[in-house]
Amino acid sequence: INIKNDSKIIENRLKEEKNNLEILKNSIASFEKEKDSNAVTVIERAKSQEFLNKKNEYQDEGLKGNERIEDAIFALQKEATQEQLAHTLTVIRRRMKEGGQLIVAVEPDPAQAQMKLQTVRTPDGKIWWSAFTSFEEELKGADQVKSTFLSEIGRMFEAALTVPEIAGIIINPWNRTIMLDKHLIRIIMTD
């Protein structure tokens, strides 16, 4: 009787693993489509939610939930309204209050023999810190291997407000991008 039960358990487990493999294949196809077209809707992302849940098992704890920021930014890019901006800032504030983190790239600073946050200079000459919601977002524009670390969103925003040389923080400069100038950072920081 135990052998029959064990064989049933193994058979069910194999079916489950085949199903997970099919979900993974579908998700990879979906992500390839996103990479190629850069125009995936929130609905298509929801179809891949099961894969994302599995992926989250191996994701840094502080990054779990950042896909909500990516979705809000994507919606803002599709419909740039004051209401959508307010929603996006609210999502970022919630992640900050949850203890969420961003990935920050660093580069050597030979003048001070230490590391400094990587910056992006926009065509208007302003300098911005860059941060990423996920390692996938960071790698989308990577032209070289970078050193990175995780930073709590709130601490990064507080630090940005104290550095006069920067205009603010660009989240995901390569794809699901939002430029948070110091005014927007202050709005997020208020309770």
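**Exercise 1.** Which residues on the other side of α7 are exposed? Determine also which residues of helix α7 are buried.

*Solution.* The structure is a predicted model.
Step 1. A residue counts as exposed when its relative accessible area is over 50%, and as buried when this area is under 20%.
Step 2. Helix α7 comprises residues 153–162, and its buried residues include Ile 153, Gly 154, Met 156, Phe 157 and Ala 160.
Step 3. Viewed down the axis of α7, the buried residues fall within an arc of 165 degrees, so they line one face of the helix.
Step 4. On the other side of α7, Arg 155 and Thr 162 are exposed.

**Exercise 2.** Describe how helices α5 and α8 pack against each other.

*Solution.* Step 1. Two packed helices are described by the angle between their axes and the distance between the axes.
Step 1. For α5 (residues 82–97) and α8 (residues 182–189), the angle is about 60 degrees and the axes lie 9 Å apart.
Step 2. The two helices, α5 and α8, are therefore oblique to each other, and their crossing is right-handed.
Step 3. From α5, the contact is made by Leu 85, Leu 89, Ile 92, Arg 93 and Met 96; from α8, by Leu 184, Ile 187, Ile 188 and Met 189.
Step 4. Sorted by class, this contact of α5 with α8 has eight nonpolar residues, no polar residues and one charged residue.

Key: Residues are numbered from 1 along each chain as its sequence is written. This is a predicted model: local features need pLDDT of at least 70, side-chain atom pairs count only at pLDDT 80 or more; totals for chains, interfaces and linings use all residues. Side-chain values use heavy atoms; hydrogens and water are left out. Axes are lines fitted to C-alpha atoms, for helices over the stretch in contact, and angles run from 0 to 180 degrees between N-to-C directions. Helices (H or I, at least four residues) and strands (E, at least two) are DSSP runs, numbered from the N terminus. Angles under 35 degrees count as roughly parallel, over 145 as roughly antiparallel, 65 to 115 as roughly perpendicular and the rest as oblique. A crossing is left-handed if the near helix is turned anticlockwise from the far one by less than a right angle, and right-handed if clockwise. Contact means heavy atoms within 4.5 Å. Ala, Val, Leu, Ile, Met, Phe, Trp, Tyr, Cys and Pro count as nonpolar, Asp, Glu, Lys and Arg as charged, and the others, Gly among them, as polar. Buried means under 20% relative accessible area, exposed over 50%, partly exposed in between (1.4 Å probe, protein chains only). The arc is that of the directions from the helix axis to the C-beta atoms.
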